[in-house]
Amino acid sequence: MEFNDYSATILDLKERDFEAIHFFRKQLCNLMSDEEISVTTVPSHSSVTLFSGIRDLAQRLVESKKGFIDATLCLEY
């Protein structure tokens, strides 16, 4: 199995690295339309983990798209 730069960026995202979040936000913005949708994340397997790179990415994506709704906390409770 090859570990490349893309794989390293995914690990950086898990660590909440700003550059990785920005990289994936940019990639997703190019793929998604501006229609109104709610964006959520699946909670971590650990109930004490409140923040994650994926949640940060989802929230930055909502900020980038006019019609997106932040629903990142809707699966928490």
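The model is predicted, so local features need pLDDT of at least 70 and side-chain atom pairs count only at pLDDT 80 or more, while totals for chains, interfaces and linings use all residues. Residues are numbered from 1 along each chain as its sequence is written, and side-chain values use heavy atoms, with hydrogens and water left out.

**Helix α2**
- Helix α2 spans residues 18–31; helices are DSSP runs (H or I, at least four residues), numbered from the N terminus.
- Its buried residues are A20, I21, F24, R25 and C29, where buried means under 20% relative accessible area, exposed over 50% and partly exposed in between (1.4 Å probe, protein chains only).
- The face of α2 turned away from its buried side carries the exposed residues E19 and N30.

**Salt bridges**
- The structure holds three salt bridges, each defined as a side-chain nitrogen of Lys or Arg within 4 Å of a carboxyl oxygen of Asp or Glu.
- R16 pairs with D56, the closest N and O atoms being 2.6 Å apart.
- R16 lies in the loop between α1 and α2 and D56 in helix α3, so this pair ties together parts that are 40 residues apart in sequence.
- R16 is partly exposed at 40% relative accessibility, whereas D56 is buried at 9%.
- K65 and D34 form another salt bridge, with closest N and O atoms 3.1 Å apart; K65 is buried at 9% relative accessibility, and D34 is exposed at 52%.
- Within helix α3, R60 and E63 are three residues apart, about one helical turn, and their side chains meet in a salt bridge of 3.0 Å, N to O.

Note on methods:
Helices (H or I, at least four residues) and strands (E, at least two) are DSSP runs, numbered from the N terminus. The expected span of a helix is 1.5 Å times one less than its number of residues.
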